[in-house]
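Please work through each task before reading its solution.

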Amino acid sequence: MINDKGIVKVSPGIEFINDWRDHNGQYQIERYVSSGRVIINKMVTGCGFTTYCLRNDYDTILIAPRLRLIQDKLEQEIKNGVNECYYFNREKDGNGNPLKSINDLQNEFQSYKWARNRIGKPLKILVTYDSFCRLADMLESDFGIDISKTFKIVIDESHSLIKDVKLKEFHNKCVLSQFIARLFNYDNLLFISATPIIHYVGCIPEFQNNSVDYYQLEWSNVTKVIQKPYRCKSAKDAFDQIYRHYISNNGCFDAKYNVGAYSTEAVIFLNSVKDITSILTKYISKNKLINVADVTIICADNKENQAQLHKIDKGLNIIKSIPKNGEPHTTWTFVTRTAFEGVDFYSPCASTYVIANYYIPSLSLDIASDIPQIIGRQRRKDNLFR
């Protein structure tokens with residue numbers, strides 16, 4: 001059962017978990033997460049909780065729902081040309097074959113473990129929800145590691161345990177059920193999310209049958225999100241409204257006239273690639289109102305999605321890496337709901353639009369529960385429109 005332990009107040013002026021320490025330099029959060037099974041409602045995105053988990057002194061398995069989140073963290077955790085983390089890479093090529101064999105992964109882990117032990121550094125392992133059971137098999141069977149005694153297991157973006165039911169439970173051999181059942185074989189579990197949807201999580205049998213402590217963080221410097229709801233008949237109709245507003249305002253999505261700031265970029269979250277292709281067919285191939293070079297697509301990178309986009313224009317591609325801080329951005333960025341976890345944007349001026357189709361099965365929960373996650377993807381605080 002989930003035990004509500006109440007609110008934990010983060011010290012005033014603290015923005016990142018890494019900076020929240022006592023006078024001896026010890027992490028304050030460790031009073032609540034050092035052992036046992038714990039859920040942390042961090043309340044805000046971008047507070048560096050994942051970074052803390054990868055840089056503290058604990059041997060850690062960090063489990064993420066999306067490859068893009070792992071890829072982003074791998075890029076961040078490189079020191080002196082050496083990656084501080086081991087990635088249990090079960091990705092597949094265009095033909096559906098694994099990029100790496102289990103033997104390759106075993107050898108890579110053996111080398112990584114030896115190198116970390118030699119310099120006295122903790123093990124930091126990255127893996128997706130889908131591949132955790134296979135990783136656990138390797139650690140236990142091939143290396144004789146007692147996972148409960150060795151690792152803190154961190155389940156990042158843990159709201160995906162509920163959000164991904166339609167996506168993974170029925171389409172991918174009950175992967176979530178197997179994943180959750182395996183998790184609760186271990187003692188030290190840390191579930192972290194800015195939107196843990198605790199009522200739904202509490203209905204999962206493993207959370208009902210085991211004691212799990214729940215803490216909610218309280219920050220002193222949270223900025224309120226301003227939402228402006230609009231009705232639409234379809235995703236295409238919603239985009240029509242956005243485009244008309246953009247054109248009527250001389251290429252501007254929003255403005256802060258008192259400080260001379262203008263939003264000239266839009267990040268648009270939709271439910272499906274089909275919605276994206278419907279919009280772009282009209283605006284790129286038919287009416288030629290948008291230049292293909294001014295469009296970015298972020299969605300599942302597979303043959304089917306790529307084929308749909310190439311029917312519109314061969315120049316439309318799913319990007320492999322999100323533009324970093326200071327790198328150029330396009331005017332139009334389209335993101336599907338299943339791709340946004342772990343995707344951080346660094347635009348100085350982008351406005352954010354969420355087009356919600358309630359008839360899409362992946363939206364079995366209210367889109368409002370995704371809003372904090374989506375808005376939190378805009379990382380630059382000098383973006384007045386984020």
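Rings of Phe, Tyr and Trp (its six-membered ring) pair if their centres lie within 6.5 Å; planes under 30 degrees apart count as stacked, over 60 as edge-to-face and the rest as tilted. The model is predicted, so local features need pLDDT of at least 70, side-chain atom pairs count only at pLDDT 80 or more, and totals for chains, interfaces and linings use all residues. Residues are numbered from 1 along each chain as its sequence is written, and side-chain values use heavy atoms, with hydrogens and water left out.

**Exercise 1.** Classify the ring pair formed by Phe 109 and Phe 143, and locate both residues.

Solution. Step 1: the whole structure contains 25 aromatic pairs. Step 2: in the pair Phe 109 and Phe 143, the ring centres are 4.9 Å apart and the planes meet at 80°, so the geometry is edge-to-face. Step 3: Phe 109 belongs to helix 4 (residues 102-119), while Phe 143 sits in the loop between helix 5 (132-142) and helix 6 (147-150), and the two are 34 residues apart. Helices are DSSP runs of H or I with at least four residues, numbered from the N terminus.

**Exercise 2.** Determine which residues form one aromatic cluster with Phe 239, and describe the contacts of Ile 242.

Solution. Step 1: Phe 239 clusters with Tyr 243, Tyr 246, Phe 253, Tyr 283, Trp 332, Phe 334 and Tyr 353. Step 2: Ile 242 is part of helix 12 (residues 235-248). Step 3: leaving aside residues up to four places away in sequence, Ile 242 touches Phe 253, Trp 332, Tyr 353 and Ile 355, where contact means heavy atoms within 4.5 Å.
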